[in-house]
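Please read the points below with the model open.

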Amino acid sequence: MFTIRLTDVSDDTHTRVLPVGPGLDPEMSALVGATEGADTAGRITVFPRPLRQPSRVLLAGVGAGDEAAWRAAGAAIVREAGDDETLEALLPADLAPAALRGLAEGLWLGGYRYRDAVKAPRSGEVRLVLDDPSAYAESLAAARVTAEATWLARDLTNTPASVKNPEWFAGQIVAEAARRTGLTVTVRAGDELERFGGLRAVGGGSVSPPRFVEISWQPPGATTHVVLVGKGITFDTGGISIKPRDSMKLMKKDMGGAAAVVAATLGAADLNLPVRITTLVPLAENAIGGGAFRPGDVITHYDGSTTENTNSDAEGRLVLADALAYAAAELSPDLVIDLATLTGANAVALGKRTAALISPDEELVTALTAAGEAAGEQMWRLPLADDYVEHQRSDIADRINAGAGPGVITAALFLRDFYGPVRWAHFDMSAPSWSESADGELTKGATGWGARTLLRYLSALDGGQQAGA
């Protein structure tokens, strides 16, 4: 990651950044007054200054001055800057810590580049000039952990499926966890997956066998145990129920939920959050081959219940079912949250920027929605409508995997069977896991959706505060 540094020393040789918005410095009023809309959040106005120092001044609109507006400003600033350009932002003396966190997150997230991209990473530096830099150290540290987690989720999701098979993904998790203290990782494969019938069925058609990864973070004194589950289909052809070509082009992103929960868990360890976290990552490639599961097959899950496969392109819920059943039977969690790029219906219902949130728990919905709003990730609650339960019934199994009805809701109804008697929430984040263009703090490609929301939520548990807020 490129460097963001707190300092109380200004240097006129570097490009100057001046935030503009409510409470604007009177000396700039005339300048900004002549530039309509300069104070709009995320708006950058450039003033060249030939033969003078600094040679360039950027006016960065911060709108209402809340964290989201500063995040938008940060993303816009870094896009305007050259890759090796050093920027110096003169920040107000009364800046709120949350505003600085937003600015730093915007700078880092907007400046993301995939680690294996042809274009080299940025090498410039951003210096944040403040009267008392030490007062903002915690906010900057929280922003860095959040950005690093999101960068990792984006990197994992952007990685081509020719590299990213289940074994590779599991290896990445092991390597990242080994760089931190307090994390343990268990990787199950082969005969160890005997009871994971959904995972074995979905991964059976690929030459790259499935894996089941369990990450554990158990800090001393933690009183709440959260289980995170992420869908990890490293590529989805649709299986025998094969997808059309256009629908298959981006299916390297079908493990975006797994990337987000892994990144959030690593971030929680970096922040030393006082919450016990167990993260479950079922990894498989849904491919076509002699071992591929078929429509009409009956699958036995970890809890012994059965599913009749009616569509092999509804595979994500099958691997999640095993992970959720494992959590209910073996882990005694206080609550379970799953993230999954589960349905195309997510985009139909809510568009490209908003995840669907489904949970029967009002308190949990309120807390997750607040975390998403603070993090800058959009979500909208959808109902868990029992009207469609009858469409899930099978004559030869406990259920089918692709019942008729609104796709987001019927998928959630399927998963509900496996959560157990605990508080739970389900995110269908297929649509916002990918961006077709740069937009605010999002860059083109994988967004890492969910990592930021989970870190905000976990930071507030067990009496904690949102770090750096």
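1. The model is predicted: local features need pLDDT of at least 70, side-chain atom pairs count only at pLDDT 80 or more, and totals for chains, interfaces and linings use all residues. Residues are numbered from 1 along each chain as its sequence is written, and side-chain values use heavy atoms, with hydrogens and water left out.

2. Helix H4 (residues 137–158) packs against helix H13 (residues 451–459) at an angle of about 140 degrees, and their axes lie 9 Å apart. Helices (H or I, at least four residues) and strands (E, at least two) are DSSP runs, numbered from the N terminus. Axes are lines fitted to C-alpha atoms, for helices over the stretch in contact, and angles run from 0 to 180 degrees between N-to-C directions. H4 and H13 are therefore oblique to each other; angles under 35 degrees count as roughly parallel, over 145 as roughly antiparallel, 65 to 115 as roughly perpendicular and the rest as oblique.

3. Contact (heavy atoms within 4.5 Å) is made by Val145, Thr146, Ala149 and Thr150 in H4 with Ala451, Arg452 and Leu455 in H13. By class, the contact of H4 with H13 has four nonpolar, two polar and one charged residues. Here Ala, Val, Leu, Ile, Met, Phe, Trp, Tyr, Cys and Pro count as nonpolar, Asp, Glu, Lys and Arg as charged, and the others, Gly among them, as polar.

4. The structure holds 32 salt bridges, a salt bridge being a side-chain nitrogen of Lys or Arg within 4 Å of a carboxyl oxygen of Asp or Glu. One of them joins Arg56 to Glu80, with the closest N and O atoms 3.3 Å apart. This pair links distant parts of the chain, 24 residues apart: Arg56 is in strand E4 (residues 56–61) and Glu80 in helix H2 (residues 67–80). Arg56 is buried, at a relative accessible area of 19%, whereas Glu80 is partly exposed, at 32%. Buried means under 20% relative accessible area, exposed over 50%, and partly exposed in between (1.4 Å probe, protein chains only).

5. Arg113 forms a salt bridge with Asp83, the closest N and O atoms being 2.9 Å apart. Arg113 counts as buried at 17% relative accessibility, while Asp83 is partly exposed at 27%.

6. Arg381 and Glu362 also meet in a salt bridge through their side chains (2.9 Å, N to O). Arg381 lies in strand E16 (residues 378–381) and Glu362 in helix H11 (residues 362–375), 19 residues apart.
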